[in-house]
Structures are given as structure tokens and as C-alpha cells.
Amino acid sequence: MSEQILFKVTIDNITIEVPAGTTVLQAARLIGGQVAPPAMCFYSKLEGSGGKCRTCLVEVSKGSEKDPRPMPKLVVSCRTTVMDGMEVKNITSEKVLDARAGVVEFLLLNHPLDCPICDQAGECHLQDLSFDHGKAETRYEFQRRTFKKHDLGKNIQLHMTRCILCYRCVYTADQLTNKRVHGILDRGDHAEIATHIEKSLDNEFIGNVIDVCPVGALTDKTFRFKNRVWFLKPMDAHRDCPTCSGRVTLWNRGDEVYRVTARKDQWGEIEDTPEGQPGWICNTCRFDKKEAADWIIEGPREISRQSVIAQGHYAGQIGTTKPTEIFAAVNDGRTPHLLMDIHDESEVNLPNVHLGKIQGPSNGDTFNTNNTHKA
Ligand code: SF4
Ligand code: FES
């Protein structure tokens, strides 16, 4: 057996040895944490992915031991393989951080800022990327792109305005199904995800496009607007499925299963099964098995503490008990019939009280019974 050739690469001052042929991105992921550049289009489980979005740009400050010249331009780490002695800068390079901010600005040019109503909010890679590298305002003065609506069938919802054209869903359909019916039609500003013509995506494995989509362009119609991910409790579960690995994450509230997804690793990619195969799941597991009784629950899913999803997730304490509704309990058994607008009802807004004229902070005396202020 031939001996494996190992290359030494230093990323953000941390040196690691990796097999020849490893990409800079994969080497950085082996180091982990902030050293790993963000990736919006590369997906290690999809052959040919990467090289589209430019979020993974890095600076190569030393090409290799044999040729130590730096690379003249920033390179995409998901498509650049390491050389022996290579030195790479990611978060330690001002140039990289500046370029990444520019890439984020471009990605957001046409992306709607509809996170408050988007089902992907809380687990959107573009949201995370904007949080780390985005700016609070836009310099874009033109109208954002709009598209004719396409219906992709009963299970998958397409919001084309959110798509960043990463091609992951196209590779997924190519590699998991026997016949791809959707793709990127047209070019440039007109490029869009669509089918030709108005077909539905109904292959038994096509639901995986939802899991690979880094933004909210492809979402689960059976979960749409039902709940926010951070209010749900992710639980690892499995079933004996004749079609797929049957290893999933259930997104529960009480004993109600709101959503079923494949299990994802720390990079947001499909986790491997114990047999070393990518754990893609079938449509039956994803869309049709929405009863807790359909599954054998293994336990709470580990969620990174940085994720907003972790706020509703208490490892070790999650049962399948529905949270107690306390409104009626603290209101003598009454349920709300009428919701009042606090701005209409609050005395603070009474127009004869001029808060700006009050000396110091207001208190109960400011709003006395006849509502005249004492300032
Ligand atoms: S729909 Fe999602 S996965 Fe497909 S190209 Fe657009 S962003 Fe990528
Ligand atoms: S992740 Fe490398 S270019 Fe998109």
C-alpha cells in the first residue's frame, strides 16, 4: 500500500498536516472554530459544488515551501488545494475581511430583508454571514429583482427572490434523483431557479434540497409559518425506513412534531450515518411522518450555544411534555377575548402629559388621577 503524502499548511498561524489534495477550506475546518471560512455554496457531500459564492475567500501569503511567493489575489478556499508549506490568512487578514464584507453586500443587493417572516430565520447562513460581516445600511438604489412565481409542487416552496444561486439544490437533484426537473434558467440578472415548464418536484429524495439550501429560497410547505425554529425542541430520532437511513431530527413542541429534517453537522451539512454514508432522508420520513409515534426518540439534539435555536433547548431536560399555557392560570381561568393596543390604552400616551417638560424621570405622581402633570 502506498504511503499517504502529508502536506503542512498554516492557517491563521495554526499549523496542521493534511493529506495532499485537501482543500484549504477542509484543512481550516479540521482546525475548526473561526479559522474555518464561511461557505455558502460549497457542500462537501455534493460533488462539484463550490466556487460560486466567493464567501470563502482567503489570502495565501506563502504559496508553498518550494515557491514561497504569495498569491497575487485572494483565492476561494473551497476550490484551492493546499501545497506543502503553504501559509494562509483568513480572519487574520484585513484584505479578506474587507472582501468578505463586499461579497455580503453583493449577496444582499437583491435579497429581501424579510427575516421576520422567513421560515429559514434562525438557521439561515446568510443571516449569520450578514451578522458577522454585513453593514447596517445599503448603497443600492435600484429596484430589487422580482420573479414570476413558480409552483414546485405540494411539498417544496420556492421564494426566488431569496435565492443566492449557489447551485446546491441543482447538484442535489442531479446526484440524488434519477431525473432532475429543476435548474437555473437564464443568465445574469435574469437567472432563476425554475422547472421547464411548471413541473412539480416529486422525486422521493428531492426534499433534501430544502436542507442544502443555505437561505430561505426552498422551504418545507408542510412547516410553513407554523412556528419559529427557536421555539421548537430538536430531538434526534429514527425509524426503520425501507428507503433512507431513517435518522432524522424532529422539531417538536410538546409531543407535536412540527418538522422533520436530516441531521446536520456543525457546518450545516448533512451528517454521515454510522456506516459513513451521507444521511439524506426520503420524502416519506420528511413530509409524511409527523406523529411522535412514528419515531423512536433518541434524545435531545446537541445545538451549538451560539445558535439562536439553543435558547429554547435545555439538554437533558427536554421531554415530550407540552409547555404549560399560563395565561388562563394567572387570569382566574379566563382566556383573552380582546387584545388592546398598549399605545391606545396606556396613560403614558395621554396628550396632556408632556414627558419632555418633566424634570427628571416620570413616576406615579406624574400621572395623577385627574391626569394633569405637575411639571
Ligand atoms: S434555491 Fe437555494 S440551494 Fe438552490 S440555488 Fe438558490 S440558494 Fe442555492
Ligand atoms: S463556498 Fe467557496 S466559493 Fe462559495
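## Briefing on the predicted model

Of the 375 residues that make up the protein chain, 31% count as buried, and the model described here is a predicted one. The protein chain carries 7 helices and 13 strands. Among its contacts between residues at least 6 apart in sequence, 60% join residues that are at least 24 apart.

**Surroundings of ligand 1**

- Ligand 1 is surrounded by 14 residues, and the closest of them are Cys163, Cys166, Cys169, Cys213 and Ala217.

**Nonpolar cores**

- The largest nonpolar core holds 52 residues, of which Met40, Ile164, Cys169, Val209, Cys213 and Leu218 touch the most other members.
- The greatest contribution to this core comes from helix H4, spanning residues 168–176, which supplies 5 residues.
- At least three residues of this core come from each of two domains, namely domain 1 (6–106) and domain 2 (117–124 + 142–220).
- Cys169 and Cys213 are named both among the residues closest to ligand 1 and among the core members that touch the most others.
- Once residues up to four places away in sequence are set aside, valine 209 touches Ile156, Cys169, Thr172, Ala173 and Leu218.

- A cis peptide bond, with omega at about -5 degrees, joins histidine 196 and isoleucine 197.
- Isoleucine 197 is placed in the loop that runs between strand S8 (192–195) and helix H5 (208–212).
- Glutamate 198 is likewise found in the loop between S8 and H5, and its phi is near 45 degrees, a positive value in a residue other than glycine.
- Glutamate 198 counts as exposed because it has 9 C-beta neighbours inside 10 Å, where the limit for an exposed residue is 12 or fewer.

**Backbone features between S1 and S2**

- Asparagine 13 sits in the loop between strand S1 (6–11) and strand S2 (14–19), and its phi, near 70 degrees, is a positive value in a residue other than glycine.
- With 10 C-beta neighbours inside 10 Å, asparagine 13 falls under the exposed limit of 12 or fewer and therefore counts as exposed.

Definitions and conventions
Residues numbered from 1 in each chain as written. Chains lettered and ligands numbered in written order. Predicted model: local features only at pLDDT ≥ 70, side-chain atom pairs only at ≥ 80, totals over all residues. Near = placed C-beta within 6 Å. Helix = DSSP H or I, 4+ residues; strand = E, 2+ residues; numbered from the N terminus. Buried ≥ 20, exposed ≤ 12 C-beta atoms within 10 Å, placed from the backbone. Core = buried A, V, L, I, M, F, W, Y, C linked by C-beta atoms within 7 Å. Domains from an automatic or database assignment. Contact = placed C-beta atoms within 7 Å.
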